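Me: I've got a model open and want to talk through how it's put together. Can we go from the whole chain down to single residues?

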Amino acid sequence: FTKMGYAGNLDPDFVFPTAIADLAKKTTLSVSTKNDEYNYYIGSEGVRMASESSNHTLTYPMQNGIVENWDQMEKFWHQSIYNYLKCDPQEHYFVLTEPPMNPPENRENIAEIFFETFNVPGLYIGVQAVLALIGCNSTFQRDPDSEIKDAIAKEQEQAINELTGVVVDSGDGVTHVVPICSGFVLGSNIKHIPIAGRKITKFMEQMIRERGEKIATEDLYFATMKLKEKHGYVAERDLLEEFAKFDMKT
């Protein structure tokens with residue numbers, strides 16, 4: 001998913017899938033028109049258009065946080081800036097996030113597109129884990145009813161103020177455990193786990209199939225994803241006990 005908005009807002013202004021529905025490849029007999037260059041859709045609108053129209057093909061320009069299709073990604077950013085944020089990029093500074101261990105070539109390509117295509121005056125590309133720790137800096141609160149002793153809570157607060165800690169970043173395709181010291185990522189100690197939200201969705205989808213729930217095949221994945229996001233939780237005690245609850249409802 002892409003989350004974007006203006007600095008100072010508590011929540012993103014827009015949240016939608018990082019997907020683009022572009023015109024399918026034309027045959028040699030097709031006559032191109034001037035509007036073809038802009039006849040594409042992004043996000044939820046792109047997903048809908050690809051399902052309703054045979055003229056558009058849905059693609060995901062990013063995989064596991066890494067850009068893999070730069071032409072499509074540039075189109076995606078164009079729509080995001082002009083049609084959603086409705087701003088002139090030449091008058092705004094931009095902050096973009098990147099996963100840990102992002103190849104330097106990707107960072108260079110991002111900078112080239114934003115400076116040469118969109119003519120932005122400034123660009124900052126930050127590691128997601130570091131920005132998450134910066135976000136904790138302003139939201140950390142001590143719970144008076146917590147079992148954690150006051151001294152430990154103070155140590156935690158001090159560590160966050162110094163931008164030192166460990167961030168578990170679990171997204172759609174991959175989970176990273178990122179140690180940070182004084183705002184710098186300790187790259188050699190990053191742990192990479194190829195299990196994240198998409199795997200959980202697929203696992204739940206299989207469980208729903210086994211239960212024989214009456215959900216259309218084409219709707220099952222998105223229905224499972226919404227179910228996970230609305231009702232999913234972390235087991236506080238015994239995982240087997242949670243599975244027993246599920247088995248009782250079958």
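Me: Among contacts in the protein chain with a separation of 6 or more, what share comes from residues 24 or more positions apart?

Reply: Keep in mind that this is a predicted model. The protein chain has eight helices and 13 strands. For contacts with a separation of 6 or more, the share from residues 24 or more positions apart is 53%.

Me: Which element gives the largest share of the largest nonpolar core?

Reply: That core has 21 residues, and Trp77, Phe94, Ile110, Phe114 and Phe118 have the most contacts inside it. Two or more residues come from each of α2 (70–84), β8 (94–98) and α3 (104–117). The largest share, five residues, comes from α2.

Me: And which residues does Ile110 touch, leaving out those up to four places away in sequence?

Reply: Ile110 is one of the residues with the most contacts inside the largest core. Setting aside residues up to four places away, its partners are Trp70, Trp77, Leu96, Leu123 and Ile125.

Me: Is Asp22 buried or exposed?

Reply: Asp22 sits in strand β3, residues 20–23. Its relative accessibility is 11%, and the cut-off for buried is under 20%. So Asp22 counts as buried.

Me: Which residue's side chain makes a polar contact of 2.7 Å with that of Asp22?

Reply: Beyond its neighbours within four places in sequence, Asp22 is in contact with Asn39, Tyr40, Asn55, His56, Thr57, Gln72 and Lys75. The side chain joined to that of Asp22 by the 2.7 Å polar contact belongs to Lys75.

Technical notes
Residues numbered from 1 in each chain as written. Predicted model: local features only at pLDDT ≥ 70, side-chain atom pairs only at ≥ 80, totals over all residues. Heavy atoms only, no water. Helix = DSSP H or I, 4+ residues; strand = E, 2+ residues; numbered from the N terminus. Buried < 20%, exposed > 50% of the residue type's maximum accessible area, 1.4 Å probe, protein only. Polar contact = N/O pair within 3.5 Å; in protein donor to acceptor, adjacent residues only side chain to side chain. Contact = heavy atoms within 4.5 Å. Core = buried A, V, L, I, M, F, W, Y, C linked by side-chain atoms within 4.5 Å.
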